[in-house]
Every structure is written in structure tokens, then in C-alpha cells.
Amino acid sequence: MLRGILAFIGIVFMVSCNNSIVKTEFKPTENGSWNKDSIMEFNFSGLDTIQKHHMFINVRNDNTFAYSNLFIIAALVYPNGETVTDTLEYIMAEPDGTWLGKGYGSIKENKLWYKENIVFPSSGVYTLRLSQAMRKNGNVDGIINLEGITDVGFEIVKSNE
């Protein structure tokens with residue numbers, strides 16, 4: 001009983017000490033499949049307009065994900081309407097097929113770099129829009145339903161700089 005209480009207190013202490021996380025959110029895909037027309041949209045506000053931050057895209061995948069990489073289109077919309085769009089490629093598996101990321105069992109969570117030392121210069125609502133942009137080699141049309149992506153999210157943490 002005492003061990004359980006001490007373990008619980010230790011976990012609470014570790015979680016409460018991580019004050020570098022500013023914002024984090026996940027959204028599930030539909031039945032573990034990310035449709036090419038499904039845009040994951042996240043709104044956030046209340047950020048320090050002087051502090052530098054790091055932004056990450058978080059992706060959870062399971063064993064039905066059939067690829068070793070993932071292409072994502074990320075659009076960050078500022079409160080003034082300015083939009084910065086990036087096409088990003090992330091490696092999801094080792095050459096031998098071993099999944100990258102953390103987690104036990106069939107679900108792996110990948111914390112993928114998006115923006116480093118970004119300053120959110122004005123107060124207001126920011127919007128992050130994420131969509132998958134996967135294609136098979138030699139095929140112009142995108143993969144309609146990308147199987148194996150279970151959740152998509154983002155995280156903003158304070159930079160130490």
C-alpha cells in the first residue's frame with residue numbers, strides 16, 4: 001500500500017514539474033484511417049508574445065501503417081490571417097521495419113519537429129491545420145485513406161533559449 005502511494009506521489013511530482021509544455025492536443029482519425037480530405041484543425045491562443053517556443057506535430061500509428069515515412073502539409077494561420085504552409089516528411093520506421101516513436105504494444109507515438117524557436121508575435125487565435133499528403137510511387141493521386149494513423153496532434157513547449 002505504501003509503495004503504491006509513493007509511486008502515485010512520484011508520478012504527480014514528475015508531471016507537475018514539466019512546466020515547459022504550453023499547449024498540447026490530439027484528435028483521433030476516423031477508425032484509424034486518415035482521409036486525404038480530412039484536415040485536423042487546432043485553435044490555440046494565450047501564448048507569450050516574447051518567449052521562443054518549439055512546435056511539434058504528434059502522430060500515433062499502429063501496425064497497419066504500411067509505410068516507413070509520412071508526408072504532412074502543415075498550415076499555421078496567424079491572428080492577422082497570414083498563413084505559412086509547409087510540406088513535411090517524417091521518417092516513421094527504421095530500414096528494417098522497426099517503428100520509431102515511443103509506446104508499448106501496437107501503438108507508437110511520434111513527436112515530430114515542426115517549428116524551432118518560433119515566436120508568436122501577436123495575441124489572438126492561431127490555427128494549425130494538418131493534412132496527410134501521401135502518394136504511392138508513380139501515382140499522381142494521393143492515398144485516399146491512410147490506414148494506421150490513429151491520432152494526430154500538436155505540442156508547443158517553451159524554448160530554453
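Close-up 1. N31 counts as exposed because its relative accessibility is 73%, where exposed means over 50% relative accessible area, buried under 20% and partly exposed in between (1.4 Å probe, protein chains only). You will find N31 in the loop between β1 (21-28) and β2 (33-35); strands are DSSP runs of E with at least two residues, numbered from the N terminus. Although N31 is not a glycine, it has a positive phi of about 55°.

A word on the model before we go on: it is predicted, so local features need pLDDT of at least 70 and side-chain atom pairs count only at pLDDT 80 or more, while totals for chains, interfaces and linings use all residues. Residues are numbered from 1 along each chain as its sequence is written, and side-chain values use heavy atoms, with hydrogens and water left out.

**Close-up 2. N117, a positive phi within a strand.** Here the residue belongs to strand β7 (residues 108-119). N117 is not a glycine either, and its phi is positive, near 55°. With a relative accessible area of 22%, N117 is partly exposed.

**Close-up 3. F42 and F154, a tilted aromatic pair.** Rings of Phe, Tyr and Trp (its six-membered ring) pair if their centres lie within 6.5 Å; planes under 30 degrees apart count as stacked, over 60 as edge-to-face and the rest as tilted. By this rule there are nine aromatic pairs. In one of them, the ring centres of F42 and F154 are 5.2 Å apart and the planes meet at 55°, so the pair is tilted. Because F42 lies in strand β3 (residues 40-44) and F154 in strand β10 (residues 149-158), the pair ties together parts that are 112 residues apart in sequence. F42 is buried at 1% relative accessibility, and F154 is buried at 2%.

**Close-up 4. F65 and Y67, an edge-to-face pair.** The centres of the F65 and Y67 rings lie 5.8 Å apart with their planes at 70°, so this pair is edge-to-face. F65 is buried, at 3% relative accessibility, whereas Y67 is partly exposed, at 24%.

**Close-up 5. Charges over rings.** A charge sits over a ring if NZ of Lys or CZ of Arg is within 6 Å of the ring centre and within 35 degrees of the ring normal. The charged end of R60 is placed over the F26 ring, 3.6 Å from its centre. K111 lies over the face of F56, 4.5 Å from the ring centre.

Methods. Helices (H or I, at least four residues) and strands (E, at least two) are DSSP runs, numbered from the N terminus.
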